[in-house]
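Notebook open, model loaded. I wanted a look at one helix first, then a sheet.

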Amino acid sequence: MNYLLSIIIPTYNCADFICETMDTIIGFLPDNCEMVLVDDGSTDNTPGLLRPYADAHKNVNVYCNEHKGVSGARNAGIEHASGRYITFMDCDDCITPDFLEKSLPLTESNADLYIFGIKRIPLKGNPEFWTVKDKVYSSASDFADEYIRTRRLLVYSNCNKFYKKQLIDKMQLHFDERISFGEDRLFNYSFITFCESIVTSSLTMLHYLQRSEDSGSSKHIPDFFRRILALHEAKMKCFLRLSEGTTDLEKASFKAYDLTREIENTLQRFREHPEEKEENLPVINHMIFGDPCDSTRPVDIVIVFGSKNCSYKAEAAFKLLNNNPKMHFLLSGGNLYSDDIRTEAEFMRDYLLEHGVTSDKIFMENRAICTNDNINLSDELLSTLRETGEFSCKRVGILTSGFHLPRTRYMIESKDAFKDYSITYFNCFGASTGPDNWYETDRGRLIILTELSKLIKLYYT
C-alpha cells in the first residue's frame, strides 16, 4: 500500500520508554500513514515490545537489523518506507496529539519539504518552544535568503520535518553511517539543496524529552571543534550557494555569526570537559591569532598601532629593542588613551621616553581613528620621512594586538601598503585577550569574537 506519510523510528535499547512513544502515535495514526520501526540490534526487550503493535496494526511494521547506529537504522527505514513523505522520530520523543490531523492537509501543496516546531522539555527548568512561522518558499533560494537573514528556521533536526520520498530516492540521499555527530544536519543540507519548494508551519510536531543527563553536552566528543567546523563549512556551502537574493554583507554576517556561535558553544563545554579544552583551544586560537610571530626578527623601525588601552603595546614595542638596539618607532593613534588626556600615540611616546628611548628615535602621527587610518597615515608618514631624508629604512615591523593582527595583515596586503619595505609582523596581548585566557571572561570573549567577525566579513566582502 502506498501511504501519504511514513514515520521512521530507529530504536535501540529503549524498552523503558518505547511504549510511551508508541502510544502517543498509535491513537492518532490515520490509515494513510504508516510507522516504520527499525530496531538497531537492541540487547534488551525492545523488539518484543514492538511486535504487539505490528500484530495489531497493519500500518505498523517492525524491522530488526544488526547494530549499525542511528544513521544505519534511518537508512534502512528509508528503504522500507512507502509513504509519499517520510518523517523521522527518535525513540524517546512524543508526537503532539493533534499534530497529524492538522499537518497532513498541508501536504496537498506538494512541497518538497515541510518544517514544524518542537517543544523541548529539559530535565530541569521550563519547556522551550522552538518555532517557525507559517510561510511558503517557492524555491530553495528564497528559503536560503530567509535563513541567512533570520538564522532561525530549525534546519538541524530530522525530527520536525516531512521529506518528499521521491526526491530522496531520485538524488540517492542517505545518512552517512561513518559519522556519529551532525549526520542529521548533513542530510538536511543535502536535501535542501535539491528542493524546489519548502513550507514552514507554526504547528508543533513533537515533544523532545531529555530523559537523562547522558546527552551530547554531557559526553566527551573527541575532536569536537573540528567536527563542528566541518558542519559549519557544510552549512555555508549549502546556504551561501543557494542564496540569490542576499548581499555579500548579509552573507558575510551570516558566516561570521554562525562561526562565532559555534566557537562559543565549544567554549561552554570546557568547564565540564577539560580534555576538550586541550584538544580544541589550539585549533580555535590558530584561527583567531594566526601563526606565532618571531620577535627576534630584526627591523629598522616598528610601527605600533594604538588602542584605548595600549600600555601593553608600548611595553611590547620597547622589548623589541633587545634584538634591535638601533630600532626606531612610529607610533600611530589619534583616539584618546584611557586617561582621556593624551592620544594613543602621545601615551606610547611618553612611555618610551620614560623608559630611556631618545626622542630622535620616535616618530608619531596623531590622526588615526581606525585601523584603515593607522595603515594609510603610517605608510604616508614613512614615505614623507624617506623623501625628506629624515629617515630611510628597508625593514619595517608592524606591532598590534595579537587578536587584531590577522585583520591588520589582511588589510595591509589588500592595500599593497608598505610595498617598498620588507615587513615583519609582531603581536602582543592584553590582560584579558591572550591565547591562554581570552575565553575565560565575558569581556575577553566579546573582544576576540567581535574581531573574528570583522575579519570574516572583510574576507567575504
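I started with the length of helix α8 (residues 224-242): at 1.5 Å a residue its 19 residues should span 27 Å, and the end C-alpha atoms are 27 Å apart, which agrees. The expected span is 1.5 Å times one less than the number of residues. Helices (H or I, at least four residues) and strands (E, at least two) are DSSP runs, numbered from the N terminus.

This is a predicted model, where local features need pLDDT of at least 70, side-chain atom pairs count only at pLDDT 80 or more, and totals for chains, interfaces and linings use all residues. Residues are numbered from 1 along each chain as its sequence is written, and side-chain values use heavy atoms, with hydrogens and water left out.

Next, I looked up Leu231, which sits in α8. Leu231 is buried, at 3% relative accessible area (buried is under 20%, exposed over 50%, partly exposed in between; 1.4 Å probe, protein chains only). Beyond neighbours within four places in sequence, Leu231 contacts Phe181, Gly182, Arg185, Leu186 and Tyr189 (contact: heavy atoms within 4.5 Å). I also noted 9.0 Å between the C-alpha atoms of Leu231 and Glu183, 48 residues apart along the chain.

What covers the buried residues of α8? I found α5 (140-150), α7 (183-193), α9 (248-268), α10 (274-289) and α15 (442-460) among the cover.

Then the sheet: 5 strands, open, parallel, in the order β13-β12-β11-β14-β15. Strands pair if DSSP finds at least two bridges between them. The edges are β13 (362-365) and β15 (422-428), each pairing on one side only. I counted 5 bridges between β11 (residues 301-305) and β12 (residues 328-332).
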